[in-house]
Amino acid sequence: MGIEEISKYGNSFGGLIIVLCLIIFIIISKQLGKDERSNAIFLKVYSSMFYVFSALILLSVFFRIGKSVTGLVYQNMTVSMFAFCVVFGTIYLFVLKKKY
């Protein structure tokens, strides 16, 4: 199973995962309200998602993945990386919601 096949399936499921996680974000946002606590929670979640996404892109550049695959495969991998970051953010949101 090569990178091309993994990225194809990752792109297929990535869009669905992103939509489901964003729906969860909206539901939790409505539950928490618009106070300072919820703003702090979402700031931590969004910033951590940005750092994870940046790290994944830097790893792909560092390991020169873009040179060994086609542009379409790299695009699919980017969608998969973004989906991973959204899932990470959703899990982190649940952790912070329980913690605070």
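A residue is called buried here when its relative accessible area is under 20%, exposed when over 50%, and partly exposed in between (1.4 Å probe, protein chains only). The model is predicted, so local features need pLDDT of at least 70 and side-chain atom pairs count only at pLDDT 80 or more, whereas totals for chains, interfaces and linings use all residues. Residues are numbered from 1 along each chain as its sequence is written, and side-chain values use heavy atoms, with hydrogens and water left out.

Aromatic pairs were examined. Rings of Phe, Tyr and Trp (its six-membered ring) pair if their centres lie within 6.5 Å; planes under 30 degrees apart count as stacked, over 60 as edge-to-face and the rest as tilted. The structure holds 7 such pairs. One of them joins Phe42 and Tyr46. This pair is tilted, with 5.8 Å from centre to centre and 35° between the planes. Both residues lie in helix α2, 4 residues apart, about one turn of the helix. Helices are DSSP runs (H or I, at least four residues), numbered from the N terminus. Phe42 is buried, because its relative accessible area is 9%. Tyr46 has a value of 45% and is therefore partly exposed.

The rings of Phe88 and Tyr92 have centres 6.1 Å apart and planes at 10°, so this pair is stacked. Phe88 and Tyr92 both belong to helix α4 (residues 71-99). They too are 4 residues apart, about one turn of the helix. Phe88 is partly exposed, with a relative accessible area of 32%. Tyr92, at 27%, also counts as partly exposed. Phe25, Phe42 and Tyr46 form one aromatic cluster.

Packing of nonpolar residues was examined next. A nonpolar core is a set of buried Ala, Val, Leu, Ile, Met, Phe, Trp, Tyr and Cys residues joined through side-chain atoms within 4.5 Å. The largest such core has 13 residues. Those with the most contacts inside it are Phe25, Ile41, Phe42, Val45 and Leu93. Helices α1 (3-32), α2 and α4 each supply at least two residues of this core. Helix α1 gives the most, with 5 residues.

Contact means heavy atoms within 4.5 Å. Leaving aside neighbours within four places in sequence, Ile41 is in contact with Leu32, Leu93, Leu96 and Tyr100. Ala40 lies in helix α2 (residues 36-62). Ala40 is partly exposed, with a relative accessible area of 36%. The C-alpha atoms of Ala40 and Leu96 are separated by 9.8 Å. These two residues are 56 residues apart along the chain.
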